[in-house]
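Hi everyone, thanks for making time this morning. Please have a look at the picture on the screen, and then I'll walk you through a few places in it.

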There are 6 protein chains.
Amino acid sequence: MENNIKNTKLVMSQVMMPHQANVAGNIHGGEIMKFMDSAAYALARKYAKSNVVTARVDELEFHLPIFVGELVTCTAKIAFAGRSSMEVGVTVEVEDLEQNSPPQKALSAYFTMVALDKKGRPKLVPKLILNTEEEKALFEEGKKRHASYKLKKQKSK
Amino acid sequence: MENNIKNTKLVMSQVMMPHQANVAGNIHGGEIMKFMDSAAYALARKYAKSNVVTARVDELEFHLPIFVGELVTCTAKIAFAGRSSMEVGVTVEVEDLEQNSPPQKALSAYFTMVALDKKGRPKLVPKLILNTEEEKALFEEGKKRHASYKLKKQKSK
Amino acid sequence: MENNIKNTKLVMSQVMMPHQANVAGNIHGGEIMKFMDSAAYALARKYAKSNVVTARVDELEFHLPIFVGELVTCTAKIAFAGRSSMEVGVTVEVEDLEQNSPPQKALSAYFTMVALDKKGRPKLVPKLILNTEEEKALFEEGKKRHASYKLKKQKSK
Amino acid sequence: MENNIKNTKLVMSQVMMPHQANVAGNIHGGEIMKFMDSAAYALARKYAKSNVVTARVDELEFHLPIFVGELVTCTAKIAFAGRSSMEVGVTVEVEDLEQNSPPQKALSAYFTMVALDKKGRPKLVPKLILNTEEEKALFEEGKKRHASYKLKKQKSK
Amino acid sequence: MENNIKNTKLVMSQVMMPHQANVAGNIHGGEIMKFMDSAAYALARKYAKSNVVTARVDELEFHLPIFVGELVTCTAKIAFAGRSSMEVGVTVEVEDLEQNSPPQKALSAYFTMVALDKKGRPKLVPKLILNTEEEKALFEEGKKRHASYKLKKQKSK
Amino acid sequence: MENNIKNTKLVMSQVMMPHQANVAGNIHGGEIMKFMDSAAYALARKYAKSNVVTARVDELEFHLPIFVGELVTCTAKIAFAGRSSMEVGVTVEVEDLEQNSPPQKALSAYFTMVALDKKGRPKLVPKLILNTEEEKALFEEGKKRHASYKLKKQKSK
């Protein structure tokens, strides 16, 4: 049960609309979080070939204000895959379409998604094939994070 | 420049709708994050009497699946107030309206909101009045978190 | 078949958004009516532990204009319960979050909701337990309104 | 300042969507109220040639359940025009598009709309030209309702 | 299997909202296309008494800019009916409600809709009854377009 | 006034939601048209560095049904640029995320967008730099289409 490289990355983008902003035109943080989650959701479904739910989200820090009319692009990558959970790294870039400047990184975070079968029980996901040194390093980091969450969870019981 | 107790808490609730869920009826994590952010936004505006933006969100962990038709209630409280930033604790409770069970806690997180003046520059917020020992303890915790983020930010420059 | 006090009241609130307003920033009356209906719907479901539909709405009078950015809070209370119908009183309060003024009452109305079973037929609802003199008075008023609607309905046949 | 007949009637229709319904497929009463209000709003703007707000809505009674996929048509007519207020009669008809049955009347109500100038102050509206006996009768009824609301309002002060 | 005249025409209208426009207040072409498609969808369902999908849309040309607050009216008519496909002509008129000018034609196009049975297979639709010379001429034009699309499709295989 | 290659292509994608579909789960053609238009709008703004509006859309033919839950990707490319108008080719690909099949082409069309200055008047756009033979061929085709529309427009006056 393996999965080829094409199922481990997904890019989504949208132009920010007035109903996603406050009166001063700043896009609400919650709208960006929702968009990141939908990219993680789509990629995890594609990787696991099943329904998935969000189990955890990393600390998020907004480095840049985002405004109405800007193009926001979410790039999602599978960083780590356990038995039924996947860690998806989501990076957000922002681009003012009417200016000649390149897209700028606004924030990034890891989303932990869990694959579910038709009855809502956790379901095995494919093993992650690691092709580059960078992927291997990301996987090892993800593995450590995963282990530390599990530990925290057991302690809080 | 002080602020009375009524401006430090706010409760919002809504019934979850089908367009907020995946095909299996699980509400998307991103919808819950968006709702928590809107509660933090409303309370921070009320506390600061100005426009505000989201600067940071804590690690989030979803303890319970949330389904279409359930009532979700966000309780937001100001935990800490610095010069222009406020830390808002947001707790999410979920209730199956058609069952005789009490609401259950689904998750909680701290949102750091920054007050902005009309020109988009950081703006002073009122001092937080602490009435109970619990409030004082929360404030001290928030102060420590705030200091550690600031430190992290300086290091990453 | 009785129902304890916690099932007879429900509070919902939301910040009004630009897409709910006309060009001058006044929130459409229809948006407020929809919000009141959703509070009545949620509370009646919680009281009846079943699906419910709206059968009647009282005359509505808007005492205050409501603007984009304001916090609107609907407080719903079960005033009267018949065999399968419930009368829900819904009060709307409005608060300008960036001003130091308390919430103001904008309007109130009674919504008659009918409980339905899985096949869409009327379903018995719990008896309403009346604890205070005020609740007893509200119940008696509701009972009279209910009787007069029934009478009107028979006449119009 | 008169207004010809074409400005006194307006028809709007839409197919009901799943996100406007409860889990059993019944369209929420609040969605229908919102739609009626938007028809009254559009017609009153057309009649007054200015911004308008909703001031009052009649008692509403839902005679028929309305389901997802049905075509709902609101017919709005100016029944009465005072100095700055207009009474708009709104009738709702429902049609199951996939059946061979004619549209059925689901409910009707009067909406009182007030014309506002650019500064938000009440603004004179055109005199209503009455061409038929039916229009004259409706106008006289509307005039009586208008007088009785005004009286009620003064008493409640 | 015939169909009377009332099933061959349908009018829908809505007031354009800010979230359907760009920052300058121009309604997006895509919003108008979506609205035209929903009118064609509703009429084709009404004519075929079954589910339908969009198969083709004509070249579209926007003759007039459309702005927030204007009333847009789509008039849909069945022009041609084949075995399982229908050609629906959709005309869009725009009216500035606060001005004394009549509605203006903004654009028109033909939508080819296909009737589907419960299993998603093409389904026979009623024969179109032609009452006037104009209807007969439209039908003949539609028949020619239909034949030329079929030819084009076969060639591209 | 030239424009480099990075401003001539843009990719947008989204997962199709239940509220975009009919009762059988088929995504409405109008939703796809709206999405294609928003990709053309974003790219034309990026290319022209100004506000833009949709002036024309090609004949559209839906080759594949699109269902709820599928990932739809719009790839927009500038094919031709005139004085103030741009022709944007938009290709739509569809992917069933839970299956192991590659994305499939669902349809494609040309959108003609016009750049507008702050006062709503047509505005010059950058010259299109053509790097490959394929780009040159597309440009020549676009130029011919553009000329034939202009001719048609003059005749219809």
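Predicted model: local features only at pLDDT ≥ 70, side-chain atom pairs only at ≥ 80, totals over all residues.

Residues are numbered from 1 along each chain as its sequence is written, chains are lettered from A and ligands numbered from 1 in the order in which they are written, and side-chain values use heavy atoms, with hydrogens and water left out.

First, chains E and F. How many residues does each chain bring to the contact? Chain E gives 27 residues and chain F gives 28 residues. About 2,300 Å² is buried between chain E and chain F, with 52% of that coming from carbon and sulfur atoms. Buried area here is the accessible area (1.4 Å probe) that two parts lose on being put together, summed over both. On the chain E side, E:Met33, E:Lys34 and E:Glu59 supply 22% of the area buried against chain F, more than any other three residues.

Now the charges. Chain E and chain F share 6 salt bridges, meaning a side-chain nitrogen of Lys or Arg within 4 Å of a carboxyl oxygen of Asp or Glu. In one salt bridge, the side chains of E:Glu31 and F:Lys34 meet at 3.2 Å, N to O. As for where the chain E side comes from, α1 (29-48), β2 (51-57), β3 (60-61) and α2 (133-155) of chain E each supply at least two residues that touch chain F. Helices (H or I, at least four residues) and strands (E, at least two) are DSSP runs, numbered from the N terminus.

β2(E) runs antiparallel to strand β4 (residues 60-61) of chain F, joined by 2 bridges; two strands pair if DSSP finds at least two bridges between them. Within that pairing, E:Arg56 stands opposite F:Glu61 in β4(F).

Over to chains C and D. An open sheet of 6 antiparallel strands runs β3(C)-β3(D)-β7(D)-β6(D)-β5(D)-β2(D). β3 (60-61) of chain C and β2 (9-15) of chain D are at the edges with a single partner strand each, so one side of each has no neighbour in the sheet. Where the chains join, C:Leu60 has D:Val57 as its bridge partner in β3(D).

Finally, which chains stay apart? Chain A and chain D have no contact, and their closest C-alpha atoms lie 18 Å apart. Chain B and chain E do not touch either, with their nearest C-alpha atoms 18 Å apart.

Notes: Contact = heavy atoms within 4.5 Å.
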